[in-house]
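Here is a short report on a structure, chain by chain and then contact by contact. Please keep the structure open while reading.

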Amino acid sequence: MIFNKSNLKKFNVKSFHFKGVVGISIGFVLLQILSYIISPASANFADFANLLKQSAGLGLLAIGQTYVIITGGIDLCLGSIVTLVHVVTIGLMDGKAGNIIPVCMLGLLIGAVAGFLNGLGITKAKIAPFVMTLCTDFILRGLIMVYTKGQPKGTLAEAFRNVGRERVFGSISVSVFVWLFCSCLFIFILYKTVFGKHVRMVGANMECARFSGVNNDRVLISVYTIAGFLAALAAIILTTEMSATSLNLGADYSMDSISAVVIGGTMFSGGIGGVEGTIAGTLVIRLITSLLQKANVVNWGKLIIQSVLILGVVASNSRRKK
Amino acid sequence: MTIFKSFNFFAFLSKKFEQISKKSSITIWILLLIFLIPVAFIVPEFFRLRNLNNVLIQMAPLGMVSIGQTFVILGGGIDMSVGSQISLVSIVASTLMTDSLISMIGVTALCLIMGAFFGYINGLILKVFPIPPLIATLCTGYFFQGVAYALHQTSGGYIPKIYKDVFTASWGLISVPFFLFLLLFIFAYVLLSKKKLGRYVYALGGNAEVLDNIGVKSPEIKIKTYVISGLTSALVGLYLVAKLRSGSSHYGDDYTLLSITAVIVGGTSMAGGIGTLSGTFAGAILVSMLTNVLNNVAFRYNLQSAYYKDIITGLILIIAMIFYRKRTKK
Amino acid sequence: MRLELKDIIKKFYGVTVLNQINIEFNPGEVHALVGENGAGKSTLIKIIGGIYSLDNGKIIINGKETKISSASDASKQKISIVFQEYNLVKGMTVIDNVMLGKEIIKNNGNIDYIAEKKFVSKIAGQNNINIDLDKYAEDLSSAEAKIVEILRACTNEMELLILDEPTAALDDEDVESLFNIISKLKKRGISVIYITHRLEEIFRICDKASVLKDGNFVGTWNIKEIDRDFLIKAMVGREMEKIFPTRNSELISDKVILSVNELGDGKNFNKISFELHEGEIFGIGGMAGQGQREFLRSLFGIHKFKEGSIQMNGKDIDLSSPIKAIKNGIVFLSDDRRNEGLAQEQSVGFNIAFPTLRNRSNFGIVNKKENEKVINNIISQLNVKLNSISQPIKGLSGGNQQRIVIGKWLPMHPKIILFHEPTLGVDVGAKMEIYELLKLLVAKGLGIVIVTSDMLELVNLSDRIGVFYEGKIIDIFEGKKATEEKIMIAATGKSQRGEYDNI
């Protein structure tokens, strides 16, 4: 596609992004059809509902990652936040229903604080986002080790686990509901609020944002705090559906969230993209995971396919833009 | 009056120090020595010959891969794929190696070529697509990790005992691993300071346009830095597989962050163009020494301090970035 | 070497930037190339240096027609350029920088430092250059850095040296050292092309001078046969196109809305004082790099100043950040549309609405209808031509983009507009409309400070003009009484009081 002035005039920012979202959604549908062909037994609603359920945690996390990448940054510690909040939640709840609310509040606070510290390091200490979040990742992993000493303990309260068994509107699990609700909320924020537009401008042109009176530092700190908070929320939601502690819970989430966001149309260069694309991206990633599970090649197939996908998307965008 | 003069003198000294420390790695070596003082008080057994030998042996792999990372960062880039390269090489080596001498030599050579090839891929991607090195090497890193998982079918593979013996021999304070590191260090030092390539790497990181104005192709220099990084990663993969006599897709996990930490703590600027190998040397000692010190503390005081290693490492990098930032702020 | 430029024509996107340039450069001669900002000097030397291609005409070297299609071609022809921009690697020493790309290698593959030092010292001696070869580039002063770049040029076999504003950041002593070097080069028979805006230097060191004006070649003269005033007349003096609105001095009230007192940042500008009145357009002119840019930015909090104070309507105000400046009703329009002025990839609507979103939002949520109304209002009022408000703003012409740069601030009713290069990259039609718009705005009581390198704009649009020279306002003129010549005289260092200001 030759980008000269006359072509550009017919070109529409919203439609570019819209096309991206449509594109990835079509990709998802095709992939879904492919999976039905491979295993016809799965062509039913229960299976689809299950896919949604599997995607909820990642989807929630990826909302925060979307905001971070729109500002031109990256967050590599989200997976560790998930694991940490997960073990702390189980460890402190001690089976008592009365503990549920305070423990969850604490978990959310941990996520928010981790994100907040990331934001501080990036804005005030001027540390590059990938370095800062990589350090936080290491520190969080260390904290997990210190807290659990390798042997996570604790039990969940029954009431808590019941939340994981609840269904909303018939067959939608609580986790999916929370995911979709948050997605809609954050789509709304990004497109309709002053804050959302500030987030976009900071990613699109930081100097222009600054000269327009935006407090860039505040915006960035907020974005990373939100990402941390959502990761903690994802951890809590995931934990309601689990029966045992897993030290590996967050292991893949950092990478998966980046994949989901990037193939959903949000670009590393900043300013372009949105959560609606990430929803589709999340579903695609999870579908790929489940297909790979059926083929029994999950751990390596996932990494290879996702790395090629991300690189492919970024590389083709990079040649096209300029 | 004399107070004023001595204040001036002090200011003069610290400015001179700042100037020297920018070009050389004096700061970090001094910091390292200063750090040894509390260590001497808290865990004096650190200085026992056997322990010191352990420290040097432990720092060798990190030191080697950090040398490669230094080249990349000096050139203004970053290599996030070193960890997975190390793991992948360890798997390939342990899968292919047999007892024959030819196999040992051949597989070693093959792995080194592989490492160079991985680095070449990194550099090539960056040459063809204008994307940030972070993203490119993050993706290739994931890719190599995936291949490592795929190949890691059996339980660890096989490495002949003699391979291990050769690679891990040590007497007193002298050990093969550390000696290998020193050899690599000297070789890299000569390359960086006495060969054309060294100058071009500094120029690439400092002001890449200058290279283009002269007619030197900066993408080619970039590729070379990543190839060097790939070679050092392969070397470390070979060493680890020799030491443990088995391969694993997790050997390299921490090395990416650790190598970056060693390089930054050692005074090399993330932006490129400023830094020294000697600094990375000190940085690698500092970072790998941490485990040893924490283990000694745990042993002596019956604390569970070993778990704090990751936390402290992360904090060290953050502090190093803040500290060195003041240097470039002017 | 003898370099002849015959009938050189160069166009960029259909716009002719160099029109029939004919100049001769002779060996052993220092030849000044003079002209205003934008006259075409940079373009011309880039053509000689192989960085740009010429569209028409010939380059003749020592009698032979030569094609120079790349920087290495130029090197082969023994042409060297020292640009204005910093071209050294800070983390390397002088000798490393000088020998970058032409290192001397020993048999064993190592760099032969001793041979390099010997070689460079010899060249330095030959050309009266005195510099510590082991110093790191980042520790060099701007003068020393310039000298190192010249040294680097000298180490290439060179017969023609082009110097682009070599004395831009130098003080008198350094300029002397530079002149010493140039004299030596002259004696060795090397041709030098010397671009500068400091006219007194031309009369000290140059043998000939050629003047470019708006891409046209005005003429070449022997320095001995002309004087400063002659050069200035040659550089300026145009037919005024009827694009400027008529001046109406009744608009300007006595009320002072902005008062700047002895403002200085210790480096680029100092002791700047002036007053901006309601309804006034105050134009700041002068050659590029005299401190105007930093000064304007310090009024918006994006450049820090160290001394002095600013008052608005008589009261001291704090302008230490853009947020504070905007609160006080001051807005800043950058000269760099691409990197600071607009978010190029975002839609027109997004860019227009952005600075004033809060005005149309409740509890942080933007009112879509109101927002769109305002956007459409601005587009129609300012006559912006586009296809849809959702198209990326980079698809708009420069003139339309600039309309938006101004328009996006209007809903905020700013009191003072700081405008850097109001019509950079803007076609004539849009220029007219922008000037009309600015006049309309001051009629409503705004005060506008413009910094511009466009002489006509400066003279015809401003009610008062302050000319910057070496970090100070050297003169203030009444707009009515200003002429291009007067401005140019001031811009080259001579104040109306008849003194050369060389501080």
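This is a predicted model: local features need pLDDT of at least 70, side-chain atom pairs count only at pLDDT 80 or more; totals for chains, interfaces and linings use all residues.

## Chain A overall

Buried residues make up 53% of the 322 residues in chain A. The secondary structure of chain A comes to 14 helices and 2 strands.

The C-alpha atoms of chain A fill a box of roughly 65 × 55 × 35 Å along the principal axes. A compact globule of 322 residues would have a radius of gyration near 20 Å, and chain A agrees, with 20 Å.

## Two helices of chain A

Helix α9 of chain A covers residues 194-204, and helix α11 of chain A covers residues 216-240. Their axes come within 10 Å and cross at roughly 105°. Angles of 65 to 115 degrees count as roughly perpendicular, and α9(A) and α11(A) are therefore roughly perpendicular to each other.

Which residues make the contact between α9(A) and α11(A)? From α9(A) come A:H198, A:V199 and A:V202. From α11(A) come A:N216, A:V219, A:L220 and A:V223. By class, this contact has 5 nonpolar and 2 polar residues, and no charged ones.

## Chain B overall

Chain B has 13 helices and 2 strands. Its radius of gyration is 21 Å, close to the 20 Å that the globule rule gives for 330 residues, so chain B is as compact as a globular protein of that length. Along its principal axes, the C-alpha trace of chain B spans about 80 × 60 × 30 Å.

Buried residues make up 50% of the 330 residues in chain B. Take the contacts in chain B between residues at least 6 apart in sequence: 79% of them join residues at least 24 apart.

## Two helices of chain B

Helix α9 of chain B (residues 196-214) packs against helix α10 of chain B (residues 218-244). The angle is about 140°, and the axes are 10 Å apart. That makes α9(B) oblique to α10(B). The crossing of α9(B) and α10(B) is left-handed.

On the α9(B) side, the contact uses B:L197, B:Y200, B:V201, B:L204, B:A208, B:L211 and B:D212. On the α10(B) side, it uses B:S218, B:I221, B:K222, B:K224 and B:T225. The contact of α9(B) with α10(B) has 7 nonpolar, 2 polar and 3 charged residues.

## Where chain B touches chain A

How many residues does the contact take from chain B and from chain A? It takes 30 residues from chain B and 33 residues from chain A. Two helices of chain B, α6 (133-151) and α13 (309-329), each supply at least two residues of the side that touches chain A.

The largest share of that side of chain B comes from α13(B), with 11 residues. By class, the side of chain B that touches chain A divides into 22 nonpolar, 5 polar and 3 charged residues.

## A helix in chain C

Is helix α1 of chain C, residues 41-48, largely enclosed or largely open? Here 7 of the 8 residues of α1(C) are buried, so the helix is largely enclosed by the rest of the structure. The buried residues are C:K41, C:S42, C:T43, C:L44, C:I45, C:I47 and C:I48.

After α1(C) comes C:G50. The phi of C:G50 is positive, near 80°.

Terms used: Residues are numbered from 1 along each chain as its sequence is written. Chains are lettered from A and ligands numbered from 1 in the order in which they are written. Two residues are in contact if their C-beta atoms, placed from the backbone, lie within 7 Å. Helices (H or I, at least four residues) and strands (E, at least two) are DSSP runs, numbered from the N terminus. Ala, Val, Leu, Ile, Met, Phe, Trp, Tyr, Cys and Pro count as nonpolar, Asp, Glu, Lys and Arg as charged, and the others, Gly among them, as polar. The radius of gyration is taken over C-alpha atoms; the globule rule is 2.2 Å times the number of residues to the power 0.38. A residue is buried if 20 or more other C-beta atoms lie within 10 Å of its own, exposed if 12 or fewer, and partly exposed in between; C-beta atoms are placed from the backbone. Axes are lines fitted to C-alpha atoms, for helices over the stretch in contact, and angles run from 0 to 180 degrees between N-to-C directions. Angles under 35 degrees count as roughly parallel, over 145 as roughly antiparallel, 65 to 115 as roughly perpendicular and the rest as oblique. A crossing is left-handed if the near helix is turned anticlockwise from the far one by less than a right angle, and right-handed if clockwise.
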